[in-house]
Amino acid sequence: MSDRKNNMNYVGIDRFRLAAAVLVIAIHTSPLLTYSKTGDIILAGILARTAVPFFFMATGFFLFQKKDEMFSYKRFFLKNIRLYAAAILLFLPLSIYAGYFNQSPFFPALLKDLVFNGTFYHLWYFPAIILGTGITLLLLRLMPLKAALPAAFALYLIGLFGDSYYGFSSRIPLLKGVYDILFQCFDYTRNGLFFAPLYLMMGILLAKRKTLPRRHCTLGLGFSLVLMLTEGLLLHFYSQPRHDSMYLSLVFCMYFLFQLLLHCKGSAVRGLRRISLLIYLIHPWCIVLIRGFAKAVNVQDILVHNSVIFFLTVTALSVTISVSANWLWNLRNSKLPEGNCPNYLKASLLTEEAAPDQRSRAWAEINLSNLRSNLEQIKQLLPEGCEVMAVVKADAYGHGAVPISRELQVCGVRAFAVATIDEGIQLRKSGIEGTILVLGYTHPQNAGFLIKYQLIQTAVDHGHAVALNDAASQIGEAAGRSNEAAGRIGAGNKIRIHLKIDTGMHRLGEAFNHIEEIAATFRMPNLSIEGMFTHLCVSDSAHVEDVAYTKRQIENFYRAADEIKNLGYTIPALHIQSSYGVLNYPGLPCSFARIGISLYGALSQENHELKAMTALQPVMAIKARIAAIRELDAGSEVGYGRQFMSEAPMRIAVITIGYADGIPRDLKGGLVLIGGKPAPVIGRICMDQLTVDVSDIPEAKQGGIVTILGRDGDVEIAPEQLAEKACTITNELFSRLGGRLARIYISK
Ligand SMILES: *Cc1c(COP(=O)(O)O)cnc(C)c1O
C-alpha cells in the first residue's frame, strides 16, 4: 500500500481532466468514422466512455476531501446550478435554432430535460452531477459506505440494462414494459439517477482508502480495458444497444485508472480544471461554428467530411477558446484589489522566467520553490495522520499571506492559521479553501463574519466561549425570525471553534485543570468544537528544566483531552506544536502541527544543531539599490547625529532602504552584500536610506543591486544572522517588513 499523502497536488487527476474533455469531443465528432466503423466504435463508443465517469469520480474524490473541513454542500450545489443555468443560456440560440420550443407538449418535455436529459445534448452532465451528488449524499446519510456502494451499483445495473444492454432487456416483455415507462421520464438511463451515483461514490471511496500499488493499478487497468473492449464490441455487433455510455467492465476500468492517476507525480499546472470544464462546455458550439464556416466557404469535403480533420479542428478551436478565456479570467482576478496589499498584484503576475525586478527601489524576493521544499521537509517530520497547518499570520510573516497561501494550497495544504479575523477574511476572499483558524481574540460582535466566511475561531477561554455562544444564538434567532421558523439555531449558524487550553504559558487558553469549564464549552449548543489546542512556551530550549516544563505541558494537555473523553465527549482535532515543537518533540500524535517560521526557511535564532536536522531554505531575500556613491576625505562625518567619522579617505554608498522598509534602526555591525562582497553599514539607519562602506568594492556603482538578506555570489546573509545583529528574532524581523517593500515572487 502506498501513501497518497506524498502527491497531494493530484497532478494525474488534473492532467487527465484535459484528456477526458478531448475524449468527450471525440464522442461527439467520431474521429475515426471516415476510416473504420470498428475503429470508431472502439474509440468513440468504448474508450472515450471513461471520460464522464472520470469527471464524476473526481467530483466525489474532492467532495469527500472537503467534507470534514470548511465545505458547504449548499455552495457546491449552488455553484453547479448556476453553471447549469449559464450553460443553458449559452446554448439557447442553438436550442432555438434546432426547434426546441416547437415541441409539444412543451412543459413536460422541458421538465424532463431540466432534470435528466439536459436542454442540449451534452448538458445532461450538469443535472446528472447535481442529482447524482444529491442521491449519493442521501444514500450515505441513510447507510454506511459499505452498504451505499452496493446500492449505487444496483442503480447502475438498472441503468446498464436501459443502455448498452437494452438489446437484451427489450426482448423480455416484462422488462421492456418497465423500461418503456422509465423512458417516458428520460431519454437515456445514463443520468443522475443511475449513472452518476456509483462513480461519485467510488471517488469518495478512493479518497478514504490508500491507493493500490502502482503496478497493481497498471495491471488491473490493462486487464479491464481488454475486458471492456471485448464487452463493448460484442454488444455492438451482437445486440442492439440503445446507447453506449455504460458498460460493466467500465466500473473496474475506472477503479484502476483513477488510482493510477493518483500515483502520478510532477508539478501542478494551474487552470487545468477550469480549462477542461470550458472545453466540455463550449465544444458543441465549436462543432456548429466549424460546420457553418465550412459550408459558407465551401470546404466541407476537407474540413467536415474527413472525420479526423474535423475532430482536430474542433479540438483546436475549443482548446484555444478555453485557454484564452482562462487567461482572461486569471488576468481579471489578479487585477482585483485584494485587501491592503497592492504590491502582490504586480508581483503575482510575474512568471517563472521573470528576472528580478528591473526598476524597483527596494524589494523582497520570495522564492516559492524554497517554500515548497520546506513544506516537504516539514511533512517528513510529522507522524502519520498529522497535517501541516500553515501559520500565515502577519501577512505570512511578511512574505505575503495571499500568494503564500495560494502556493501552499496548490501543494495540498488544507489548513491555515491567522492571528486576526480580518486576516482570515482576506484569505477567504482570495479563494483559500479548507480550514482557516483565527488564533487570536475576536470580539463576539464579529461572530457573523466568522459564520459568513466559515472561519474557525479560537475560544481563548471559557468566558470567550460563553460570549461567542450567546452571539451565535442571537444570530440564529434573528435568522429564525426572518424565516418565520422556530427560534432554534440551524447547524449553519453554529460558530466553529478550536478551544485553547493553557498548559503553562499563561497567555491564552482555559486552564488545563478546569475540566468542568472545558466540558461546559463542549455542551454549548451554538458552538461546534472542532479542535482543542495548546501552545508551548519553551519548546525551543534545550535546557533541562525547560525540557521538563515542555513535557509537563504536553502531558497536561493530553490528560485534559483524556478527561474530556472519559466524560463522554468526542475528542476533536488536537494540536500542540509549532515549528520548534515539531523539531524538538517530533512524533506527538496530533491532527495538526501549526508551522510558521520554519515554512519560511528560518529558525527564530541561530541553532546549528536544529538546522542540520532539516535542509530548510530561506524563502525571502531582501534587495535594494545604490542611490549614490560618495568619496569622503578623512575626518568626514556621516548621517544623522554625526555618528560615524571616517579615519581615512573612503568611499561610501547610499542604499535605497531604511527603517520604514523594516530594516531595524539599531542594527549593530550590520553588513550588506555588493558584488558578492560584504560592505559594513556605517552611521545611523534613516527612514528611507542607509549608508555602507564600499572602499574595498570598486565595482559598486550607482543603480547597482545590494543584498541585505540572502545570497550574493558565494556569500550569504542568513535571516538568523541579520536578526541577531538587530537584537531580535527572525519572526519579528520578517513580520515588521514594511508595506512599501515590493514583493517579487519567483518560482524556479
Ligand atoms: C505564531 C504561532 C504559531 C507558529 O509558530 P512558529 O514558531 O512560527 O512556527 C503556532 N501557534 C500559535 C498559537 C502561534 O501564535
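Axes are lines fitted to C-alpha atoms, for helices over the stretch in contact, and angles between N-to-C directions run from 0 to 180 degrees. Helices (H or I, at least four residues) are DSSP runs numbered from the N terminus.

The structure is a predicted model, in which local features need pLDDT of at least 70, side-chain atom pairs count only at pLDDT 80 or more, and totals for chains, interfaces and linings use all residues. Residues are numbered from 1 along each chain as its sequence is written, and side-chain values use heavy atoms, with hydrogens and water left out.

**Helix packing**

The axes of H1 (residues 11-29) and H14 (residues 272-296) come within 8 Å and cross at roughly 10 degrees. H1 and H14 are therefore roughly parallel to each other. Their contact (heavy atoms within 4.5 Å) involves residues including Asp14, Arg15, Leu18 and Ile25 of H1 and Arg273, Ile275, Tyr280 and His283 of H14. By class, this contact has 9 nonpolar, 4 polar and 4 charged residues. Here Ala, Val, Leu, Ile, Met, Phe, Trp, Tyr, Cys and Pro count as nonpolar, Asp, Glu, Lys and Arg as charged, and the others, Gly among them, as polar.

Helix H11 (residues 196-208) takes part in a contact with H8 (residues 145-160), where the axes come within 8 Å and cross at roughly 150 degrees. That angle makes H8 roughly antiparallel to H11. The crossing of H8 and H11 is left-handed, a term used if the near helix is turned anticlockwise from the far one by less than a right angle, with right-handed used if clockwise. Among the residues that meet are Leu149, Phe153 and Tyr156 in H8 and Leu198, Met202 and Lys208 in H11. The contact of H8 with H11 comprises 13 nonpolar residues, no polar ones and 1 charged.

H11 also passes H13 (residues 248-263), with axes that come within 11 Å and cross at roughly 35 degrees. This crossing is right-handed. Residues including Tyr199 and Leu205 in H11 meet residues including Met254 and Phe258 in H13. The contact of H11 with H13 has 10 nonpolar, 1 polar and no charged residues.

**Ligand surroundings**

Of the 14 residues around the ligand (a heavy atom within 4 Å), Lys393, Tyr397, Ser579, Arg594 and Gly596 come nearest. Polar contacts, pairs of N or O atoms within 3.5 Å, are tabulated below.

| Residue and atom | Ligand atom | Distance |
|---|---|---|
| Tyr397, side-chain N or O | oxygen | 2.6 Å |
| Arg594, polar side-chain atom | nitrogen | 2.7 Å |
| Gly596, polar backbone atom | oxygen | 2.8 Å |

**Backbone features**

Most residues other than glycine have a negative phi, and most peptide bonds are trans. A cis peptide bond, with omega about 0 degrees, joins Ser104 and Pro105. Pro105 is placed in the loop between H5 (92-97) and H6 (106-117). Asn298, although not a glycine, has a positive phi of about 60 degrees. Asn298 lies in the loop between H14 and H15 (300-303).

Terms used. Helices (H or I, at least four residues) and strands (E, at least two) are DSSP runs, numbered from the N terminus. Angles under 35 degrees count as roughly parallel, over 145 as roughly antiparallel, 65 to 115 as roughly perpendicular and the rest as oblique. A polar contact is a pair of N or O atoms within 3.5 Å; within protein, one must be able to donate a hydrogen and the other to accept it, and residues adjacent in sequence count only if both atoms are side-chain atoms.
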